[in-house]
Amino acid sequence: MSQKILSQIDADGNATVMLNRPEVHNAFDPDMVDALTATLRKLESTSKVRAIVVTGAGKNFCAGADIEHMKRSARFSREQNLENARATAMMLHTLYTLAKPTIACVRGAARGGGVGLVAACDIAIAERGATFRLSEVKLGIIPAMISPYVVAAMGRHHAHRYLLSGEEFDSAEAFRIGLVHDICEEPELNAVVGRMLAHLYSSGPNATVAIKKLIPQVAGSRIDEALLEMTAQRIAEIRATPEAQEGLSAFLEKRKASWVTPASGLSRKKPEDSRQGAKAAKAAKKNNSGTADERSYTRMK
């Protein structure tokens with residue numbers, strides 16, 4: 001049996017996590033849910049990992065929960081169904097709260113729980129032909145476990161429409177309502193993801209972790225004395241850290257911070273002509289890495 005979750009880490013610490021059930025459009029069953037949770041936790045604890053890209057094998061991103069398994073769940077006990085649901089809820093929460101930045105790289109269809117995965121990532125980038133659908137209502141069920149992330153991503157008003165109607169919407173609409181941050185033509189998708197990885201690579205690793213903790217604490221919070229004090233304490237603590245001092249010194253000295261130099265040690269010059277450009281693109285694909293200024297991202301095969 002093939003692995004349901006594939007992962008790899010390139011020389012610069014960019015991790016790719018691939019949902020690997022293309023024969024069922026990467027629908028997730030309990031084994032796949034457990035494997036994804038375990039993979040995310042392992043990558044989170046791996047110090048060399050700087051960012052994580054979540055994508056799907058084949059033509060589609062993810063069809064959500066496996067319908068065949070859900071159909072069989074009618075024969076399960078309430079406790080078994082609850083255990084399965086809790087595992088899926090934990091998988092989504094693990095992705096959402098991961099200390100490392102996450103990018104959803106979306107090709108093809110995202111349905112139900114697949115939309116939940118997109119919403120749970122920090123950044124979502126989709127190819128123009130991608131489609132989305134919160135289809136649970138059409139099956140007589142509800143998008144319970146994904147709802148916190150979907151509502152947070154697209155807002156309550158849009159969520160009312162798409163959770164209740166179950167209608168399909170395209171990447172342009174997903175961009176308009178805030179579910180995805182960027183859309184592009186399919187051949188450009190890897191390059192757009194690569195540019196985002198470059199932005200993340202130039203961000204302070206510890207600052208990134210601190211920001212991911214800060215956002216849920218301030219989102220929706222009342223701006224009162226307690227919040228003002230908490231944010232004041234956070235900046236006072238972090239700007240005295242070695243990473244912050246290095247970043248501030250690098251800015252004043254007009255140099256790159258120490259964490260920006262790619263671990264691969266690769267550098268890429270601007271091609272002088274189209275032939276050199278083609279060679280550079282071929283080399284980038286072979287090495288699956290690039291500089292922090294123009295990083296290359298190659299989808300797992």
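In this predicted model, one aromatic cluster is formed by Phe132, Tyr162 and Phe169. Within this group, Tyr162 and Phe169 are both buried.

Aromatic pairs number 3 in the structure. One of them joins Tyr96 to Tyr149. Tyr96 belongs to helix α3, which spans residues 78–97. Tyr149 belongs to helix α5, which spans residues 147–154. The pair therefore ties together parts that are 53 residues apart in sequence. The two partners differ in their surroundings. Tyr96 is partly exposed, at 36% relative accessibility. Tyr149 has a relative accessible area of 10% and is buried. Tyr162 and Phe169 form another of the aromatic pairs. This pair is tilted as well, with 4.4 Å from centre to centre and 45 degrees between the planes.

A further aromatic ring takes part in a contact with a charge. The ring of Tyr201 has the charged end of Arg50 sitting over it. The distance from that charged end to the ring centre is 4.2 Å.

The cysteines were examined next. A disulfide is a covalent bond between the sulfur atoms of two cysteines. The count of disulfides comes to 0. The cut-off for a disulfide is 2.5 Å. Seen from Cys184, the closest cysteine sulfur is that of Cys105, again at 8.1 Å and too far for a bond. Cys105 counts as buried because its relative accessibility is 0%, under the 20% limit for that class. Cys184 has a relative accessible area of 4% and is buried too.

The surface carries a nonpolar patch made of Ile67, Leu139 and Ile141. Together these residues have about 270 Å² of accessible area. Ile141 is located in the loop between β7 (131–133) and α5. Helix α5 is also the element that holds Tyr149. The relative accessible area of Ile141 is 36%, so this residue is partly exposed.

Methods. Residues are numbered from 1 along each chain as its sequence is written. This is a predicted model: local features need pLDDT of at least 70, side-chain atom pairs count only at pLDDT 80 or more; totals for chains, interfaces and linings use all residues. Side-chain values use heavy atoms; hydrogens and water are left out. Buried means under 20% relative accessible area, exposed over 50%, partly exposed in between (1.4 Å probe, protein chains only). Rings of Phe, Tyr and Trp (its six-membered ring) pair if their centres lie within 6.5 Å; planes under 30 degrees apart count as stacked, over 60 as edge-to-face and the rest as tilted. Helices (H or I, at least four residues) and strands (E, at least two) are DSSP runs, numbered from the N terminus. A charge sits over a ring if NZ of Lys or CZ of Arg is within 6 Å of the ring centre and within 35 degrees of the ring normal. Patches are made of residues with over 30% relative accessible area and no salt bridge: like charges are joined within 9 Å, nonpolar side chains (Val, Leu, Ile, Met, Phe, Trp, Tyr) within 5 Å. Accessible areas come from the Shrake-Rupley method with a 1.4 Å probe; for residues, only the protein chains shown count as cover. A salt bridge is a side-chain nitrogen of Lys or Arg within 4 Å of a carboxyl oxygen of Asp or Glu.
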